[in-house]
Structures are given as C-alpha cells and as structure tokens.
Amino acid sequence: MKDVVDICYYSSDFYAPYTGISMYSLCKNNEDVPFRLHCIDTGISLCNKEKMLDMAKSFGKELIFHDFSKLEAYIRDELKLPECSGSYATYIKVFPERIFTDIDKILFMDGDTIINGSIRPLLDMNIEEYVFAAAKVSLITEKHVYTDMPRSVRLEYALKFSGEGYYNIGVFYANLRRWKEVDFGNQIMRMRKEHIDHMQTAADVPIDEMLINLAALAHLDDNYVCQMPGIFNCTVHNIPHYRAWKANKCCGYISRAEFDETYYRPVIIHFCIFKPWYTDTFSPYRRILNRYINQSPWPDAFKQTMYNSPAEKFFGKYVYSMPSESLMMFTIQCGHFALRRHAQWLRLKAGISAKKEQRSERSAAAARAKASVDSVKAIPEGHLTQALRRRKALARNGRWREALAFPYKYLAEKFGYGKK
C-alpha cells in the first residue's frame with residue numbers, strides 16, 4: 001500500500017475527548033502507515049479541535065475538519081429521517097459521497113474504538129469490486145434471547161440475517177467509486193421506505209446500520225460486501241467468551257477459530273455496548289483503554305459511572321460478567337428474590353413504625369388530657385392534692401426538674417406568687 005489512505009471520524013464536542021483518544025491510539029500504533037485523518041464536525045469546540053490538531057501533528061499526520069450542517073439539513077429537512085440517539089450524525093455513513101466527492105475509498109471509524117495494533121492488513125484489503133467492507137457481528141449477544149424470549153423488533157430483524165451475516169459499521173471501509181456506480185445511497189433509501197416505520201417502534205434497533213445491512217442483503221448475488229476480519233472490529237469483548245460464542249452459533253456468522261482470534265487478539269476494540277466513558281463496566285480490555293486515556297491529551301476524559309447503587313452495580317456489572325447464561329439467569333432470579341424480600345421487609349417495617357407512631361400519639365394525647373399541664377393557669381396555695389397530682393403529671397411527661405422543684409420557688413418563678 002503506497003497511496004495515502006483516508007480515515008474519517010465524526011464527533012460532537014461531548015464525544016470529542018474519546019474521538020481524540022481513538023485517534024491517538026490509531027496514530028501511536030500506525031506511525032509507519034501513510035494515512036490522512038478527517039473529522040466531520042458536529043459541534044466540536046475550538047479547544048478540542050486544537051488538541052486534535054496538535055496530537056495529529058505530533059505524529060506527522062494531517063487532520064482535516066468537515067462541516068456537517070449542510071448534510072444535516074438535507075437529512076432532516078428533505079429526507080425527514082428520524083434522529084438516532086438524539087442526533088443526525090449517525091447517517092453520515094449512509095451519505096459519504098455527499099461529503100467526500102473526490103475520494104475513492106475511505107475508512108470510517110467510530111469514536112468509541114481503541115486501535116491496539118497495526119491496521120495495515122485492513123487497508124491492504126482489495127475491495128475494488130465491493131461497495132464496502134465490514135465485520136460480521138451478532139445483532140443479539142445472548143443465546144436465550146433467540147430461544148426463550150418473546151418476539152421483539154430486534155429479534156425479528158436479527159433472524160433476517162441468520163446465516164447470511166449482519167455487519168457492524170463502527171469500522172466501515174467504503175469504496176465510494178463503486179458506491180456511486182450502484183447508487184447505493186438510493187438503495188438504502190428504498191429500504192428506509194419499506195422498514196423505517198417498523199424500526200422506529202424499537203429504540204434499540206440501529207437504524208442507519210440496519211438500513212445499510214438490508215440494502216446489502218437485498219443484493220447478495222452482486223457482491224456488495226467484503227467481509228472484514230473480526231479482529232478489526234471486536235464487539236464481543238463486553239461479554240464473557242462462552243456466552244458470546246453461544247450467541248454467535250445461533251447466527252452462524254463466523255468460525256470458532258476466527259471468533260477466538262477476534263475475542264482474544266483484537267486489533268480494533270469497539271466499545272459499542274458499554275461505552276468507554278463509564279468507568280464501572282465489564283470489559284477485559286478496560287486497562288488497555290485506560291492506558292491510552294492517560295497517554296492522550298484528554299487524561300481526565302469522562303469519569304462517569306453507569307451504576308448509581310450497589311444493587312445496580314451487582315446486576316449491571318457482576319451478573320453481566322457471569323461466564324454462562326444459566327449462571328447469569330440463576331443469579332438474576334436470586335437477586336430478584338432478595339429484592340422482593342427486602343421490599344416486603346421495608347413494607348413491614350413501615351407498617352410497624354406507623355403503628356408505633358399511632359400508639360405514641362394516642363399515649364401522648366391521653367397523657368396531655370389527663371395531666372392538663374398546659375391548661376393550668378394557677379394553682380391555689382395550700383391545695384396539696386392538686387399540687388401532688390400536677391407533679392405526677394409532670395413526671396409522666398419527663399419534666400423532672402419541674403416535678404421535683406421546691407414548690408414555693410417554682411410558684412414564684414412560674415406564676416409570680418410572692419412578688420410585689
């Protein structure tokens with residue numbers, strides 16, 4: 001590979017630190033590979049742009065920013081496509097020819113990726129006769145969803161690709177020359193007319209990625225897609241190996257050997273399930289990610305946590321990291337049982353507390369009615385019976401100082417007796 005290859009990211013200012021960290025990992029591990037960086041700007045601040053430019057310059061790489069506003073207006077106003085995750089930026093890969101008019105091939109890279117090795121074999125792939133290259137992944141990552149769960153929109157679409165393969169476009173190598181020849185953009189829009197209303201009913205269906213896959217599925221005989229080795233887009237690392245392999249077998253996408261290589265020796269790690277800005281999620285490659293974070297110009301990027309309580313962390317992190325689905329489901333059932341028992345105990349405790357409060361209120365009311373301490377205006381001097389009754393009431397109410405006080409002194413202080 002002698003020519004300079006174009007590699008494109010896209011980012012808003014919120015995602016800019018992790019996009020920059022991904023760029024840093026790419027440059028650090030591929031200093032000998034000639035490539036030019038592009039970044040489609042969907043609202044990046046000047047500060048983050050300068051950091052990205054300085055970082056690219058330090059590795060001798062060129063970085064070009066592209067404005068997204070015109071394409072965004074086209075997607076929103078003319079095509080009237082719905083937002084994906086609150087943004088129109090995910091449709092960038094659906095219309096790459098509208099931004100890169102004079103480029104034949106471009107490698108798109110999501111910002112939630114870490115490049116932990118050389119991508120030269122990926123860039124050396126021959127995709128001249130294909131529209132794009134991507135890696136096959138499991139749209140659903142748990143076997144029990146295929147076999148035991150009720151039908152959902154995600155499951156329905158996952159089954160459409162059973163045997164043929166579903167491609168994740170987090171790492172997406174597009175041949176724009178071939179893309180224009182077959183008018184792939186319009187083919188994607190035809191899929192949109194057929195499926196978009198149905199897909200909008202499920203927020204967890206990646207609309208842009210699904211449309212590209214459906215367009216490719218409709219042209220299986222035309223060799224639209226070149227399968228990329230899984231090591232260049234490892235999405236299965238978020239799930240323990242045994243469970244991830246079981247889900248992959250339901251799809252039949254890749255062999256056990258390729259799956260193992262993807263899981264244990266990935267070149268591009270794609271944090272597409274648990275995002276990298278959450279510090280308390282399960283991934284065996286969390287240390288690798290942290291190393292690049294600390295070396296990059298954004299060492300303090302995103303220190304958020306996904307789980308707000310120990311119970312959430314237990315279910316979300318430790319249960320999710322169970323090695324087998326049966327153990328995971330058993331642990332979830334035990335957890336739900338414990339939570340129900342805890343809720344019952346809280347309700348019982350609340351009921352007991354309420355009864356105690358009611359008894360206390362009744363006792364206090366009876367004591368007040370019996371003592372009538374606050375209603376006593378004056379105690380006639382010499383009425384020994386009334387004085388003893390009053391002191392007894394004071395003692396019941398815990399007013400010991402007044403109950404045991406010398407009577408003449410108390411009467412003088414309280415009612416002014418003996419004062420002239």
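Guide: Lys-93 and Asp-110 form a salt bridge, with 2.5 Å between the closest N and O atoms. The term stands for a side-chain nitrogen of Lys or Arg within 4 Å of a carboxyl oxygen of Asp or Glu. This pair links distant parts of the chain, 17 residues apart: Lys-93 is in the loop between α3 (69-78) and β4 (105-109), and Asp-110 is in the loop between β4 and β5 (113-115). Helices (H or I, at least four residues) and strands (E, at least two) are DSSP runs numbered from the N terminus. Lys-93 and Asp-110 are buried, where buried means under 20% relative accessible area, exposed means over 50%, and partly exposed is in between (1.4 Å probe, protein chains only).

The model is a predicted one, so local features need pLDDT of at least 70 and side-chain atom pairs count only at pLDDT 80 or more, while totals for chains, interfaces and linings use all residues. Residues are numbered from 1 along each chain as its sequence is written, and side-chain values use heavy atoms, with hydrogens and water left out.

Side chains of opposite charge can pair when their charged atoms come close. The salt-bridge rule gives a count of 11 in this structure. Another of them joins Lys-49 to Asp-41, at 2.8 Å from N to O. Lys-49 and Asp-41 are both buried.

A further salt bridge pairs Lys-105 with Glu-128, the closest N and O atoms being 3.2 Å apart. Here too the pair links distant parts of the chain, with Lys-105 in strand β4 and Glu-128 in the loop between α4 (120-123) and β6 (132-137), 23 residues apart. Lys-105 counts as partly exposed, at 24% relative accessibility. Glu-128 is also partly exposed, with a relative accessible area of 31%.

Lys-355, Lys-356, Arg-359 and Arg-362 gather in a patch of positive charge on the surface. A patch is made of residues with over 30% relative accessible area and no salt bridge; like charges are joined within 9 Å, and nonpolar side chains (Val, Leu, Ile, Met, Phe, Trp, Tyr) within 5 Å. Lys and Arg count as positive and Asp and Glu as negative, with His and the chain ends not counted. The place of a charge is NZ of Lys, CZ of Arg, CG of Asp or CD of Glu, and the accessible areas come from the Shrake-Rupley method with a 1.4 Å probe, where for residues the protein chains shown are what counts as cover. Arg-362 is located in helix α14 (residues 325-371) and is exposed, with a relative accessible area of 53%.

Arg-265 is likewise exposed, at 53%. Arg-265 lies in the loop between α11 (256-264) and β9 (268-270). Its C-alpha atom is separated by 9.7 Å from that of Gly-117, a residue 148 positions away along the chain.

Most residues other than glycine have a negative phi. Asp-183 is not a glycine, yet has a positive phi of about 55°; this residue sits in the loop between α7 (176-181) and α8 (184-199) and is partly exposed at 37%. Asn-223, also not a glycine, has a positive phi of about 55° as well. Its place is the loop between α9 (207-217) and β8 (225-227), and at 44% relative accessibility Asn-223 counts as partly exposed.

Helix α9 is largely enclosed by the rest of the structure, because 10 of its 11 residues are buried. Among the buried residues of α9 are Asp-208, Glu-209 and Asn-213, along with Ile-207 and Met-210.

As for cysteines, the structure holds 0 disulfides, a disulfide being a pair of cysteine sulfur atoms within 2.5 Å. The sulfur of Cys-39 has its closest cysteine sulfur in Cys-8, 7.0 Å away, which is too far for a bond. Cys-39 is buried at 0% relative accessible area, whereas Cys-47 is partly exposed at 46%.
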